[in-house]
Amino acid sequence: MSVSIVASRYAKSLIELAKEQNVLEAVYQDMLLFKDTAEKNRGLMLALKSPVVRHEKKLNILKALFETRVNSVSYAIFTIITKKNREAILDEIANEFIKSYNLNQGIQRATVTTTIPLTDELRKQFSDMVTAKTGRTVQLAEKIDPNLIGGYVLKIDDRQIDASLRSRLNELKLQFVN
């Protein structure tokens, strides 16, 4: 079974359990914490994915890092996943949980890449554009990439609107080559 399907099932179960226990917000914050920790600490995910490191050691690592920092429901899921030898996909489970939570709460994440920092007016225009397309509340992440030359690239899930000068120049270049 693919990793994304398994991660999605664990995430869905965790959301249901968190709702049942009335700790959905706390578990959401815990998944953000885990994702952030995993992204900033490459060694953590290497250890969790390593077939050489024993499962008891992996559980001890998770215990040392998260037992006192996360909700008991979140820690319980870490324990269960480790006992089922699925700790290598904990990062995917956290990602799937965050996606499901956002969908459940009517939140749409989008990323806009520009050559300069956005003004409040531009930020509102991008947010309105995403809201019009999705009908959800927008969490807009901003990135700056001077290589775009000008314009923007807007990513909403797996869709991308590329209105950058770099892409237009590349299109012209391809037309001249042919």
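Guide: Leucine 169 has its place in helix α8, which covers residues 165-177; helices (H or I, at least four residues) and strands (E, at least two) are DSSP runs numbered from the N terminus. This is a predicted model, in which local features need pLDDT of at least 70 and side-chain atom pairs count only at pLDDT 80 or more, while totals for chains, interfaces and linings use all residues. Residues are numbered from 1 along each chain as its sequence is written, and side-chain values use heavy atoms, with hydrogens and water left out.

With a relative accessibility of 46%, leucine 169 counts as partly exposed, where buried means under 20% relative accessible area, exposed over 50% and partly exposed in between (1.4 Å probe, protein chains only). Leu169 belongs to a nonpolar surface patch together with Ile149, Leu165, Leu172 and Phe176, and the accessible area of the patch is about 530 Å². Patches are built from residues with over 30% relative accessible area and no salt bridge, like charges being joined within 9 Å and nonpolar side chains (Val, Leu, Ile, Met, Phe, Trp, Tyr) within 5 Å; the areas come from the Shrake-Rupley method with a 1.4 Å probe, and for residues only the protein chains shown count as cover.

Turning to the charged pairs, the structure holds 9 salt bridges, each a side-chain nitrogen of Lys or Arg within 4 Å of a carboxyl oxygen of Asp or Glu. One of them joins arginine 54 to glutamate 56, with 3.1 Å from N to O; arginine 54 is exposed at 59% relative accessible area, whereas glutamate 56 is partly exposed at 48%.

Another pairs lysine 58 with glutamate 87, whose closest N and O atoms are 3.0 Å apart. These partners come from distant parts of the chain, 29 residues apart, since lysine 58 sits in helix α4 (residues 55-66) and glutamate 87 in the loop between α5 (72-83) and α6 (90-105).

Glutamate 142 is partly exposed at 36%, as is arginine 123 at 28%, and salt bridges with shared partners join Asp120, Arg123 and Glu142 into one network.

Aspartate 30, in helix α2 (residues 24-40), presents another picture, for this residue is buried yet has no salt bridge, and the nearest side chain of opposite charge, arginine 69, is 8.5 Å away; Lys and Arg count here as positive and Asp and Glu as negative, while His and the chain ends are not counted. Its side chain does make a polar contact of 2.6 Å with the side chain of serine 74, a polar contact being a pair of N or O atoms within 3.5 Å in which, within protein, one must be able to donate a hydrogen and the other to accept it, and residues adjacent in sequence count only if both atoms are side-chain atoms. Apart from neighbours within four places in sequence, aspartate 30 is in contact (heavy atoms within 4.5 Å) with Arg69, Val70, Asn71 and Ser74.
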